[in-house]
Amino acid sequence: MNYRISKRAAALAPSLTLAIDSKAKQMKAEGEDVVGFGAGEPDFDTPQHIKDAAIKALNEGFTKYTPSSGIPELRQAIADKFKRENGLSYKASQIIVSSGGKHSCYNVILATCQEGDEVIIPSPYWLSYPEMVKLASATPVIVQTTDKTEFKVTPDQLQAAITPRTRLFILNSPSNPTGSVYTPEEIKALGDICVEKGVLIMSDEIYEHLLYDGARHQSVASFSAAHYNQTIVVHGFAKAWSMTGWRLGFLAAPEPIAKAIDAIQSHSTSNPTSFTHKGAVAALTGPQDHLKGWLAEYAKRRTFAHKRLNGIPGVSCVNSKGAFYLFPKISSFGLKSTEFCARLLEEQKVAAVPGIAFGADEYLRISYATSMPNIEKGLDRLEKFTRAL
């Protein structure tokens with residue numbers, strides 16, 4: 001049989017985060033005592049009122065097709081969220097509900113980029129960005145940052161990376177994998193360059209509500225009408241409402257881009273699962289008091305893990321200001337990040353994601369979206385592993 005694989009598919013790198021999480025879960029199922037630092041999802045349950053709304057929708061037979069871009073009630077609730085929390089005025093027609101934040105990112109890139117275009121991606125980056133750009137037949141242009149700038153791209157770096165072929169700049173704050181948060185002033189400076197050069201911005205703001213140490217989130221779209229018109233904001237329900245498995249994301253875009261994305265979605269996935277829409281409406285319009293407790297717990301874990309990591313000889317780690325990740329540097333041990341993490345899992349039963357997945361081979365990603373006992377045990381094992389190298 002001639003199982004010829006397309007060039008697009010053959011060029012893709014599989015998701016290392018999903019692969020490591022899957023292997024860790026398999027080892028646990030086989031009875032191994034594995035500490036998982038790999039998955040990028042809250043360890044808290046979805047708030048009950050959100051689940052109740054979806055259950056009610058199921059019981060009432062809300063199980064049929066919806067408009068491909070989401071039910072009007074949800075699109076309006078999202079537009080209201082942007083107005084209330086971000087000072088952004090969107091019509092419901094500018095909102096597209098998708099099958100997860102990842103799906104929203106892919107739709108944006110597919111709708112705006114094509115062969116010959118370049119997309120600027122600061123590294124470390126969320127591992128799917130470059131692969132999505134390749135699927136759109138465009139070219140990822142990686143701009144390397146380091147812990148010296150808290151993994152934030154500078155205006156000079158962005159300016160130097162822009163060419164006549166630059167179509168899109170991907171901005172992710174708070175960041176996966178580093179937990180870095182750009183200040184409003186830093187965001188505006190980057191946005192100003194994109195406005196001046198006519199470069200679109202995809203602003204991935206899914207970790208917007210997970211902030212520490214007084215860090216403040218401001219959307220790049222909020223600074224002026226020009227910034228607004230150059231920006232597509234990507235968001236989702238996975239992180240702040242612990243709805244990862246619901247697969248429900250959303251975006252806000254200028255009308256022509258939203259219309260193009262709606263057309264793409266109508267021919268690919270159609271609508272996201274119908275009854276999840278009702279849960280999402282409850283997430284946006286219902287009580288938000290769960291978040292205060294979650295943030296307090298995340299902050300406690302972050303403080304402990306950051307101090308503990310920097311106490312391990314040979315490891316250095318910048319503290320995160322958002323999300324639920326730390327990105328420690330492990331290059332002093334003389335191992336590439338893939339070998340480091342493979343041996344860590346094999347020898348000490350600790351699952352972490354190698355930094356190479358995010359374009360930074362000197363590091364690894366630790367998620368502190370797990371319990372304090374797990375964090376303590378996992379970091380004890382990490383220190384034992386490094387001392388034996």
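On one side of helix α12, K292, A296 and K307 are exposed, exposed meaning over 50% relative accessible area, buried under 20%, and partly exposed in between (1.4 Å probe, protein chains only). Helices (H or I, at least four residues) and strands (E, at least two) are DSSP runs numbered from the N terminus. The structure is a predicted model, in which local features need pLDDT of at least 70 and side-chain atom pairs count only at pLDDT 80 or more, while totals for chains, interfaces and linings use all residues. Residues are numbered from 1 along each chain as its sequence is written, and side-chain values use heavy atoms, with hydrogens and water left out.

The buried residues of α12 are H290, L291, W294, L295, Y298, R301, R302, A305, H306, R308 and L309. They cover an arc of only 165° around the axis, which puts them on the same side of α12; the arc is that of the directions from the helix axis to the C-beta atoms. An α-helix has 3.6 residues a turn, so residues three or four places apart point the same way. The buried residues of α12 pack against β9 (325-326) and α14 (372-387). Helix α12 comprises 21 residues (290-310), which at 1.5 Å a residue should span 30 Å, and its end C-alpha atoms are 31 Å apart, in agreement. The expected span is 1.5 Å times one less than the number of residues.

In strand β7 (residues 231-236), six of the six residues are buried, so the strand is largely enclosed by the rest of the structure. In a regular strand the side chains alternate between the two faces of the sheet. Both faces of β7 are covered, with T231, V233 and H235 buried on one side and I232, V234 and G236 buried on the other. Strand β7 pairs with β6 (residues 200-204) in the parallel sense over four bridges, pairing requiring at least two bridges found by DSSP between two strands. Here I201 stands opposite T231 in β7. Strand β7 also pairs with β8 (residues 249-252), in the antiparallel sense and over four bridges, and H235 stands opposite F250 in β8.

T178 lies in the loop between β5 (166-172) and α8 (184-197). T178 is buried, with a relative accessible area of 3%. Its side chain makes polar contacts of 3.0 Å with the side chain of S175 and of 3.0 Å with that of S180. A polar contact is a pair of N or O atoms within 3.5 Å; within protein, one must be able to donate a hydrogen and the other to accept it, and residues adjacent in sequence count only if both atoms are side-chain atoms. Apart from neighbours within four places in sequence, T178 is in contact (heavy atoms within 4.5 Å) with P124, F151, S320, Y325 and F327.
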